[in-house]
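Open the model in your viewer and keep the sequence panel beside it. The tour goes from one selection to the next and says what is there.

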Amino acid sequence: MNAITPRNAPENAYNFAYLDEATKRMIRRAILKAIAIPGHQIPFGAREMPLPYGWGTGGIQVTAAILGPRDVLKVIDQGADDTTNAVSIRRFFARVANVQTTTRTAEATIIQTRHRIPERPLTEGQVMVFQVPMPEPLFKLEPRLAETRRLHALGDYSLAQVKLYEDIAKQGESGSSYNHPVMVGGRYLMSPSPIPGFDNPKLHNSPALMLFGAGREKKIYAVPPYTSVESLDFEDHPFRPMRAPQHCSACGSATSYLDEIIADDQGGRIFVCSDTDHCAETQGL
Amino acid sequence: MSAPLLEAANLQLRFGAVRALDGVDIEIFPGEVVAIVGESGSGKSTLLRVLAGNMDADAGTVLYRDAGGEAHDIHALSEAGRRKLMRSDWGFVHQNARDGLRMGISAGGNVGERLMAAGDRNYAHIRAEAADWMARVEMDPARIDEPPKNFSGGMQQRLQIARCLVTNPRLVFMDEPTGGLDVSVQARLLDLIRGLVSQLGLAVFFVTHDIAAARLLAHRIVVMRHGRIVEEGLADRVLDDPRHAYTQLLVSSVLAA
C-alpha cells in the first residue's frame, strides 16, 4: 500500500528540482544569452508548471534551472516570507530538490521574488530571480509585439519618453509608482517587473546577478552584476523613488519600504515594513 | 547652382498589371518647392512614398544629400539609418492628420516626440519648444495639454506640421496637406505653409490635385499621368502655357469662382 507522504518529506519521483535535465539545459542557455545581452529579452520554451500562470511560473523555472544541492533558497512575495505564494514555492523546492531554505536574506544564495528587492544590500554570489508578468516595457504603448522588437533593435524609446512627458504634463510627476521602465547598460529598455520605484535604484550596479523569468510570455532577461540600470526620467524631472513618509510600527525604521495596513474597523491604519526579514532583523528577533 | 538635395532616377514600380511608376526621374534643390500634380491614380502619392523611402521601388535609385554633402542611397540604407533621416532631416505631412499624429497623446507630446526621439531629455525645453511651434503654426499654446481630437481638422493639420518642423528638417514631404478641409481653412493653411517654407528655407515635395494650391506654393510643377511625368517646368510656365494635352486639360478644368 502507498503510504501518504508527509507534507515536507523529500520527493523522489521527480528529477532534482522538478524539471528534467534537458529542459534545465535549455533554460540555462537562455539565461546565459540573457546575461550576455543585459536587458534584452530572450525567448525560451516555458513549460507547464504545477501552478497557474501569474503565480510565478517563469521565476520558478529559472530557479529550478540554476538551483544546486548546496544552494540556500529564500522566496518572498511582496517582501514577505510568510505569504501563501512564498510559502508554497519554498516548500515546493524543499520537496523536489531537498535544498535548504531560509527567510534570512543574508544566508540565501538564491532569492526568488515577486514585487520586491530585499532591503538588506545584496552581495556578490547572490542571485535574485524575479517573477515577471509582462516582460515587454513598451507593451502598453505599442500593441504590436513585432513592432516593439523593431523599436528595441533600433533603440527607439521615444514612445516611453512621450508617456513620461504626458504623465508629468498631467500630474506633475511620473505616473508609474511600480514597474517604472529602466535603461540597462545604456542600451535596452527593460521592465524591472512590478517592483516599486523605491527598489529601482537597487538594480543599479548591484553586486548580485538579477534574473527575470516570464512564464506565460516565455521570455527570460537579466541584469549581470555591476551593470548600470537607469530609471527613465527627464534631466529637470529626475526619477524619484517613492516611500510612505511614516515609520514602521513594528521596528520603527524610517528608511524601509512600508505597507499600509488597516488595523481596525474604525479606519485606523498602521504602516509596517514590507520586507518581513528586514523588520525582524531590525527588531533583533 | 548647388547639387540637388534629393534626386531620383528611373523609378519603376508595378502593382500587378498597373504601372504605378514608369521611369520617373525627379529632383529637388535646397529651398525649392516642387508640386506633383495629377489625377487620382496617376502615381503621385506612390512617388512620394518611394521618394521618402516608405515604399521600395522595383528599380531605380533615390539619392539624398545630407547637410555634409554626402549622398545616401535611400533604398540601400538600413532601416535604422532611414528612421534616423526621417527623424532628423525629413518630415512627412499626411493627408489625414490621424495618420501623422498620435491621437491619444496631448498636442505637446505630439510635437515633443520628435525632440525626444532625437535625444532631448529636458522636459522644460521640450515643452517650451512645443509651445513655441504651436504659436508658429497659429495655434493657441495654452491648449498644449489637449489631445488632437479636441482640435478641428485644420488645427490638426497645423499640429501635424508643427510636429514635423520641430526638429528643423531640410526636406518635407506633403501628401495633399489641404485635402478634406474647407476652402477658407485651406487658404489659411496654404498661407501658413508658404510663410514657413520661405522663412525656414525648406525644400518641399508636395502632392496635390488642387492646381490652385500648386500655383500658390510651388516654384516648379511636375505633372504625372499613368505613372509617367508628362510635363514639368516652372509653376507659372506650366500653368499659363501648358504644352502637354493632359496638362492643358488639367489647367482648363479648374473652376473659376
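Select Leu63(B) and then Asp73(B): Leu63(B) stands opposite Asp73(B), which is in strand 5 of chain B. Strands here are DSSP runs of E of at least two residues, and helices are runs of H or I of at least four residues, both numbered from the N terminus. Strand 4 (residues 59–65) and strand 5 of chain B run antiparallel and are joined by three bridges. Two strands count as paired if DSSP finds at least two bridges between them.

This is a predicted model, in which local features need pLDDT of at least 70 and side-chain atom pairs count only at pLDDT 80 or more, while totals for chains, interfaces and linings use all residues. Residues are numbered from 1 along each chain as its sequence is written, and chains are lettered from A and ligands numbered from 1 in the order in which they are written.

**The sheet of chain B**

Go next to strand 1 of chain B. Its antiparallel pairing with strand 4 of chain B has five bridges, and Leu6(B) has Tyr64(B) in strand 4 as its bridge partner. Strand 1 (residues 6–15) is also joined to strand 2 (residues 18–28) of chain B, antiparallel, by eight bridges. In that pair, Ala8(B) is opposite Ile26(B) of strand 2. The two strands form a hairpin with two residues between them, and Gly16(B) in the turn has a positive phi of about 60°.

**Helix 1 of chain B**

Select residues 44–51 of chain B. This is helix 1, and six of its eight residues are buried (20 or more other C-beta atoms within 10 Å of the residue's own; 12 or fewer is exposed, and in between is partly exposed, with C-beta atoms placed from the backbone). Among the buried residues are Leu47(B), Leu48(B) and Leu51(B). Just after the helix, Gly53(B) takes a positive phi of about 75°.

Select Phe206(B): leaving aside neighbours within four places in sequence, Phe206(B) is in contact with Val33(B), Val34(B), Ala35(B), Met174(B), Leu217(B) and Ala218(B). Contact is defined by C-beta atoms, placed from the backbone, that lie within 7 Å.

**Val93 of chain B**

Is Val93(B) buried or exposed? Val93(B), in strand 6 (residues 90–93) of chain B, is buried because 22 other C-beta atoms lie within 10 Å. Ala128(B) is 35 residues from Val93(B) in sequence and 22 Å away in space, C-alpha to C-alpha.

**The domains**

Colour chain B by domain, with bounds from an automatic or database domain assignment: domain 1 is 1–89 + 170–180 + 200–257, and domain 2 is 99–168. Their C-alpha centres lie 26 Å apart. Five residues of domain 1 are in contact with seven residues of domain 2 in chain B.

Then do this for chain A, where domain 1 is 21–141 + 179–231 and domain 2 is 243–285. The centres of these domains, taken over C-alpha atoms, are separated by 25 Å. Their contact takes 14 residues from domain 1 and eight residues from domain 2 of chain A.

Terms used: Contact = placed C-beta atoms within 7 Å.
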